[in-house]
Amino acid sequence: MTPFEGPGAPDAPAVVHDEATAPPPSGGGAAPVRADGVQLLGEVPGSGYRVAPALVRRGDGQAIQLTPLLYSVLEHVDGQRSHAEVAEAMGAALGRQVSGADVETLCDKLRTLGVLTKADGSEPEVRRSNPLLALRFKYVVSDPESTRRITAPFALLFAPVVVVVLVGAFLAVCAWVLLDKGLASATHQAFDQPALLLAVFALTVVSAGFHEFGHAAAARYGGSTPGAMGTGFYLVWPAFYTDVTDSYRLGRAGRVRTDLGGLYFNAIVAVAMFGAWWGTGWDAILLIIATQVLQMVRQLAPLVRFDGYHVLADLTGVPDLYHRIKPTLVGLLPRHWNDPEATVLKPWARAVVTVWVVVVVPVLLFSLVMMVLSFPRVAGTAWASVGRQWARLETQLADGDVLAVVVRVLSIVAIALPVLGVVFIVTRVTKQVATGTWRATEDRPMRRALAGVLALAVVAGLAWSWWPQPGTYRPIQAYERGTLADGVASTLRSGTPTTLQQGRQGAGRAVWPRDAALPTAESPELAVVMVPRGGRAADGDQQLPTWVFPFNRPLPPGEGGNQAMAVNTKDGSSLYDVAFALVWADGDTVSNSNEAYALASCTGCQTVAVAFQVVLVLGNANVVVPENVAAAVNYGCVQCVTQALATQLVVTLSGPLSAQTSAELAELWKEISAFGDSIQDVPLSELQERLTEFERQILAIVQQDPAWVKPATGSTPTAPTTTGPAGSTSPTTGATGSSTGGSPSASSSSTAPGSSSSASSTSDPASTTDPTTSPTQPTTATAEDVAEATATP
């Protein structure tokens, strides 16, 4: 993918200008001999250097730059000529006098670079550069000969007419997918059917390999010879590469074409996927088009050694921009402005490289610092996410859903890789800085001592930043903004302001009932915040509560009651509140309530409340009057969606359940709780059906127990507000409310005039209860009763 180094750095040499060599004659006047595998690539056309360098590739695949004089020596070395004969041939070619002693001195320099054998005829010991952002653990999939053979047909795709047609088709497809069709249905279909999701993943990986075909085919079209193709790891991420070092023989246009060839083949994949969608109608295929666009955008970034970096390098004629960082920074100092190392570039090339350095260095340093400081939160988030994925994997593994298990495994790997990447980068940078500092301060005790003090300060700072304290490794929540200011404040543990300001986070004093559970960041509670209005006197201040609806807030649930209430007033957010409860009732009166309220007053948002309650009545209750209520209200909403769903199942038993039935019910309740954890991923149209299915499964388990009493002949399930006979069931799943757009309210709800649509925010609801216990008094176990979090969709 890159012609010089980085993810596309070559390992196997291309056979170009490799002349046969013979063993050197013995004795002090031995003829110089090229090292094995050395290839002469020649002068770079369109170079940004004042004196254009020439490129040579060593046998280990490392490309190095040589001055014209050194390159001339290497060019005339054939293993037969003595130093004097090489000097004579050079003099004729350069038009200047060169002595044998000069050649001998230059050969010593070339031996240190690893391109000539040692004086005793043995191969040189070369040390390959090991930059941080380089491909490692490379494995050759296609040797140079195979690469040239399989990529030859693809070179035809670079004909100008073909390029114009395909690029035009790609732009049209992208405009249609991103601006008209959209990706919502594609995402739903892919995640709803694991087989399609795996197919999307597999085709995306294949397209990454096809990207490398584009580089090789572009090189073939320009007249150069591509080398090996393979795969490896870039930091910790798998990547493909293609050896196109030979493209340096091409002019600037040919090199840039080679750099952009991979992106062009991404566009071809996108057009082909549109054709596949046209033929099959599977919307999930459209996700591959989106991945191609994202890959192209990422590749164009010139910060690291991706395609954009090499495009800039070839446009300026400076093969390795990273090696120019230090000379450029030093050259910015007034007294070093005219240093030889700073003036080797042409003025326009120096200006471009200087701008690149001034932008890239601060961005990379800032990224590294923020990466280190935010690592505890990232690690905590990854750990929590892996835990959730693992729990779902165990459930799907028990169900025998192989495709879903594979998706979960891939998800866990994708979550773990960024954390491993941070660890690898920090380790490598620390090692390189420590080694470089130790060498630079050799025989300079004062500087070494100062460096040691700075190192201790850095270690102390990291220890303070990473030391486990409350909140240090807390997972990132959906409602957090994640701004730079938030990150710095969290790292410095400066806390939040002690005063409340409109539109900003702050801290204030709140009064809660003595027996009430205190709210947390993960499980907040609604509160009234009094905000003074514009500069009035204290005795005349009017205060604005956050409760904006023209009716009183619903009362909290009573004993044995269950309530989900999502109240959203944040524009553009998505809010879910879920309450699942399993209640045992053995009293004379059963009046358990199950309520779902979705209330919204905002713009362009979504609010969902889901309450699911199962009431197991033990023995004969004289009064059974359960209550099931759902209300969805939009007040002053624009372009909003609000939905409330209350599902209640009442089952009367003759006595406690058996141990086996209780165990089966407990296992099913774990599955129901897992569903509640991920309910925000379920389409609204499917919520009712999924909860009804859980009711059927609960009844199927309970009806096999000896405590189940078959209803009398002719009896039917009763409504939630009526008393059912012994052994009857009362599934009350019809209490729903929803409101969208211009619909001010829905069933089981009421709104004031002028209401419109609703907003919402996402939370991570969780509900766990133990159905194996039969308390003597009615009890209930619910998820977070009021859980609010906001996130920008």
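This is a predicted model: local features need pLDDT of at least 70, side-chain atom pairs count only at pLDDT 80 or more; totals for chains, interfaces and linings use all residues.
I started with charges over rings, and I found Arg-350 over the face of Trp-337, 3.9 Å from the ring centre. To count, NZ of Lys or CZ of Arg has to be within 6 Å of the ring centre and within 35 degrees of the ring normal. I also noted Arg-448, whose charged end sits over the ring of Trp-438, 3.5 Å from its centre.

Residues are numbered from 1 along each chain as its sequence is written, and side-chain values use heavy atoms, with hydrogens and water left out.

**Overview**

I looked up the elements and got 18 helices and 15 strands; these are DSSP runs numbered from the N terminus, helices being H or I with at least four residues and strands E with at least two. Of the 793 residues, 44% are buried (under 20% relative accessible area; exposed is over 50%, partly exposed is in between, with a 1.4 Å probe and protein chains only). Next came contacts (heavy atoms within 4.5 Å): among those between residues at least 6 apart in sequence, 74% join residues at least 24 apart.

**Aromatic rings**

I counted 23 aromatic pairs in the structure. Rings of Phe, Tyr and Trp (its six-membered ring) pair if their centres lie within 6.5 Å; planes under 30 degrees apart are stacked, over 60 edge-to-face, and the rest tilted. Phe-158 and Phe-265 make a stacked pair, at 5.8 Å centre to centre with 20° between the planes. Phe-158 is in the loop between helix 4 (144-151) and helix 5 (160-181), and Phe-265 is in helix 8 (residues 252-280), so this pair ties together parts 107 residues apart in sequence. Both of these Phe residues are buried.

My next pair was Trp-176 with Phe-274, which is edge-to-face: 5.5 Å centre to centre and 80° between the planes. Trp-176 lies in helix 5 and Phe-274 in helix 8, so here the parts tied together are 98 residues apart in sequence. Buried or partly exposed, I wondered about Trp-176? Trp-176 is partly exposed, at 24% relative accessibility, and Phe-274 is also partly exposed, at 22%.

I also found one aromatic cluster that includes Phe-154, Phe-158, Tyr-264 and Phe-265.

**Strand 10**

How many residues of strand 10 (residues 593-600) are buried? Eight of its eight are. Ser-593, Glu-595, Tyr-597 and Leu-599 point one way, while Asn-594, Ala-596, Ala-598 and Ala-600 point the other.

I then checked its partners (two strands pair if DSSP finds at least two bridges between them). Strand 7 (residues 562-568) runs parallel to strand 10, joined by seven bridges, and Asn-562 has Asn-594 as its bridge partner there. Strand 13 (residues 627-634) is also parallel to strand 10, with eight bridges, and in strand 13 the partner of Asn-594 is Asn-628.

**Nonpolar cores**

A nonpolar core is a set of buried Ala, Val, Leu, Ile, Met, Phe, Trp, Tyr and Cys residues joined through side-chain atoms within 4.5 Å. The largest has 32 residues, and Phe-580, Phe-612 and Ile-698 touch the most other members. Elements giving two or more residues to this core include strand 8 (574-585) and helix 17 (659-677). Helix 18 gives the most, with seven residues. Leaving aside neighbours within four places in sequence, I saw Ile-698 in contact with residues including Phe-612, Leu-649 and Ile-672.
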